[in-house]
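Work through the exercises below with the sequence and the structure open beside you, and try each task before reading its solution.

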Amino acid sequence: YQDSTDYSVSVNDAVDGEFEDYLRSKGVKEILAELAEDPKTFTELENMIDVSPTTLSRRLDDGIMLGLLEETIIRQATLNDEINKKKVYQFSSDYEHWQDHILETNLVKLVKQQRGIKEQAEQTYDGILESWTKELD
């Protein structure tokens, strides 16, 4: 008996699988929703997305490696006529149509609502813990 099945995986299949894994990774949905609105700095994303700085950095680097995202330097004039430079992340030109698709859906709004609900739940739970702590004293 000779098995003639080809078990090799093409490079494109591997990349497609890697891309899909990336898109399903924790924090990526939120990163893409935030960047769909406009380019953001690492700090801006860090303040909006509930992942560790290490994870955020990894997600951004992976997105760049896959060609989905890119880093750009933006120059802004200050009130003192000085020029500030900041590094921002944005969709690459090859994937601007994905950015448009995100904007055409309710994803940005839903991600923001999800963040708000999570914050409300945390505040409510903090209040509960505070009352329980007083009860224990």
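**Exercise 1: an aromatic cluster**

Trp-98 counts as partly exposed, because its relative accessibility is 31% and this class covers values between 20% and 50%. The model is a predicted one.

*Task.* Determine which residues form one aromatic cluster with Trp-98, and classify the ring pairs that Phe-19 makes within this predicted model.

*Solution.* 

1. Begin with burial: Phe-19 has a relative accessible area of 9% and is therefore buried, and Tyr-95 is buried as well.
2. Next count the aromatic pairs, which come to 3. In one of these pairs the ring centres of Phe-19 and Tyr-95 are 5.6 Å apart while the planes stand at 35°, so the pair is tilted.
3. Then place these two residues along the chain: Phe-19 belongs to helix H1 and Tyr-95 to the loop between S2 and helix H5 (96-104), so the pair ties together parts that lie 76 residues apart in sequence.
4. Turn to Phe-19 and Trp-98, whose rings are 5.6 Å apart from centre to centre with 80° between the planes, an edge-to-face arrangement. This pair also links distant parts of the chain, since Phe-19 sits in helix H1 and Trp-98 in helix H5, 79 residues apart.
5. Conclude that Phe-19, Tyr-95 and Trp-98 form one aromatic cluster.

**Exercise 2: the nonpolar core**

*Task.* Find which residues touch the most other members of the largest nonpolar core, and state which element gives the most to this core.

*Solution.* 

1. The largest nonpolar core holds 22 residues, and within it Leu-68, Leu-69 and Phe-91 touch the most other members.
2. Two or more residues come from each of helix H1 (11-23), helix H2 (28-37), helix H4 (53-65), strand S2 (83-91) and helix H6 (107-136), and H2 gives the most, with 6 residues.

**Exercise 3: the hairpin**

*Task.* In which sense do strand S1 and S2 pair, and over how many bridges?

*Solution.* 

1. Strand S1 (residues 69-77) pairs with S2 in the antiparallel sense, over 9 bridges.
2. Finally, inspect the connection: S1 and S2 form a hairpin with 5 residues between them, and Asp-81 in the turn has a positive phi of about 60°.

Note on methods: Residues numbered from 1 in each chain as written. Predicted model: local features only at pLDDT ≥ 70, side-chain atom pairs only at ≥ 80, totals over all residues. Heavy atoms only, no water. Core = buried A, V, L, I, M, F, W, Y, C linked by side-chain atoms within 4.5 Å. Buried < 20%, exposed > 50% of the residue type's maximum accessible area, 1.4 Å probe, protein only. Helix = DSSP H or I, 4+ residues; strand = E, 2+ residues; numbered from the N terminus. Phe/Tyr/Trp six-rings, centres within 6.5 Å; stacked < 30°, edge-to-face > 60°. Pairing = 2+ DSSP bridges.
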